[in-house]
Amino acid sequence: MSALETDKELSVYESMAARFDVAARMLNIDEGLTKYLRTPNREIVVHIPVALDSGVLEVFDGYRVQHNIARGPCKGGIRYAPNVTLDEIRGLAAEMTWKCAVANIPFGGAKGGIVCDPSKLSAGELERITRRYTAEILDYIGPERDVPAPDMNTNEQTMAWIMDTYSMHIRHTTTAVVTGKPVDLGGSQGRREATGRGCMIATDQALKRFGRKRDETRVIIQGCGNVGGQAARLMHEAGYKVIGVADMFGGILNAHGLDVPALLMHVTQTKSVKGFAGGESIGNLEILEQDCDVLLPAATESVITSKNAHRIKARILTEGANSPTSPPADDILFQRGVFVIPDILANGGGVTVSYFEWVQDRQGYFWPEALVNERLEHIMVDAFDGVVRYGEKHRVNNRIAAYMLAIDRVAFSVKLRGIYA
Ligand code: NAD
């Protein structure tokens with residue numbers, strides 16, 4: 001793996017809180033409400049006993065943080081990784097509240113995680129961990145309470161296990177308890193591509209502002225998984241010139257444009273972009289600093305920091321990943337005139353189609369993919385316009401504008417509902 005110094009200037013929660021504080025101050029929100037909106041509603045910590053295949057009993061730590069329910073049930077992914085922390089989950093849960101509010105969908109925010117290394121666990125062990133975790137948090141999830149989804153190292157299969165465990169406990173099949181399920185179990189058409197598609201729609205809107213055409217726009221993407229891989233495919237098909245793609249093992253660059261279908265085939269076969277013959281190899285940090293028009297980080301957090309922000313050459317930064325840019329880097333990018341489409345706007349396509357999945361499950365009536373994509377486009381364009389207009393009106397950058405718009409919406413719902421005592 002090539003070195004990627006993700007110098008974490010602030011943790012995910014600290015980054016969220018720093019941006020939240022600026023936006024709340026700009027909105028003149030009073031101290032009590034600020035404290036309420038900044039604090040998670042509920043933090044669940046569970047310890048999950050699981051018999052490993054070897055017969056050894058292991059105990060895994062799991063978390064579910066529910067940040068805010070003012071606008072509807074909580075919504076957010078569950079990640080499995082050895083370095084998951086409660087602080088990280090807390091920050092990501094709050095970001096989900098703001099993301100859902102930017103997209104103007106009727107959800108609050110949540111996030112969950114289990115401290116484990118999925119690469120060292122068998123499918124059977126993962127299934128047992130998932131089912132026991134679900135049983136431990138069962139009282140707190142449900143279609144009207146909190147609706148989990150996949151995140152890092154969890155997938156459609158994980159969601160199927162959660163749905164089944166929940167359904168067995170409450171004695172009837174309840175597909176709307178999770179989203180990101182297999183299509184045959186109540187999943188939505190278009191969910192797999194939704195985040196990448198949303199990134200492209202947001203980028204399209206930025207191009208319109210600059211009077212640029214897709215075929216004269218060079219794109220570099222960091223990350224070639226669900227978000228980055230789909231974004232590369234969709235943007236290539238739509239006429240963008242994708243000139244660079246990186247993953248955790250390295251990157252590949254071709255100034256004339258990559259043959260994206262061939263690259264994705266190579267990734268399917270070898271599990272990496274590394275070694276692809278249609279370009280020159282480059283480091284996965286170095287690739288961020290190459291000459292391009294659109295940079296789309298779609299891998300992991302804190303990859304653009306005060307250390308490299310002044311070397312970013314892209315005119316547009318579309319944040320496919322969560323928290324790829326640190327707050328100090330934000331200031332540098334803003335001063336340098338980079339048009340940032342912040343994560344809570346740019347990658348909101350995933351949760352938007354999750355919302356569509358939840359609606360379809362509750363109706364028991366499923367939409368064709370074209371309708372899903374059309375409705376996704378409508379929501380993404382509205383969200384983009386809302387954020388950019390808000391920023392122009394209040395003379396703030398897009399990131400702070402997105403936070404302000406979201407906090408304003410959540411605060412309004414809180415005020416309408418009042419504080420129950
Ligand atoms: P994924 O696991 O499918 O893919 C991640 C990709 O990033 C892989 O190609 C991996 O090799 C690469 N990567 C990991 N570490 C890297 C590094 N240090 N340098 C370069 N590449 C690296 O994950 P995903 O679902 O595509 O999610 C990517 C990001 O987008 C995460 O931040 C996630 O939270 C965020 N996100 C995902 C969704 C979604 O619907 N999947 C929605 C919103 C936000």
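The side chains of Lys-181 and Glu-357 meet in a salt bridge, with N and O 2.7 Å apart; a salt bridge here is a side-chain nitrogen of Lys or Arg within 4 Å of a carboxyl oxygen of Asp or Glu. This pair links distant parts of the chain, since Lys-181 is in the loop between helix 5 (156-170) and helix 6 (191-210) while Glu-357 is in helix 11 (residues 349-363), 176 residues apart. Helices (H or I, at least four residues) and strands (E, at least two) are DSSP runs, numbered from the N terminus. Both Lys-181 and Glu-357 are buried, where buried means under 20% relative accessible area, exposed over 50%, and partly exposed in between (1.4 Å probe, protein chains only).

The model is predicted, so local features need pLDDT of at least 70 and side-chain atom pairs count only at pLDDT 80 or more, whereas totals for chains, interfaces and linings use all residues. Residues are numbered from 1 along each chain as its sequence is written, and side-chain values use heavy atoms, with hydrogens and water left out.

## Other salt bridges

The structure holds 27 salt bridges, one of which joins the side chains of Arg-90 and Glu-43 at 2.5 Å, N to O. Arg-90 lies in helix 3 and Glu-43 in strand 1 (residues 42-51), so this pair ties together parts that are 47 residues apart in sequence. Glu-43, at 33% relative accessibility, counts as partly exposed.

Asp-293 forms a salt bridge with Arg-212, their closest N and O atoms being 3.6 Å apart. In this pair Asp-293 counts as buried, at 11% relative accessibility, whereas Arg-212, at 32%, counts as partly exposed. Elsewhere, salt bridges that share partners join Arg-19, Glu-319, Asp-330, Asp-343 and Arg-399 into one network.

## How the domains touch

The domain assignment, which is automatic or from a database, gives domain 1 (43-185) and domain 2 (194-346). The contact, meaning heavy atoms within 4.5 Å, takes seven residues from domain 1 and six residues from domain 2.

Domain 1 and domain 2 bury about 570 Å² between them, 49% of it on carbon and sulfur atoms; this buried area is the accessible area (1.4 Å probe) that two parts lose on being put together, summed over both. In domain 1, Glu-95, Lys-99 and Val-102 lose the most area to domain 2, together 66% of what that side buries. The count of salt bridges between domain 1 and domain 2 is zero.
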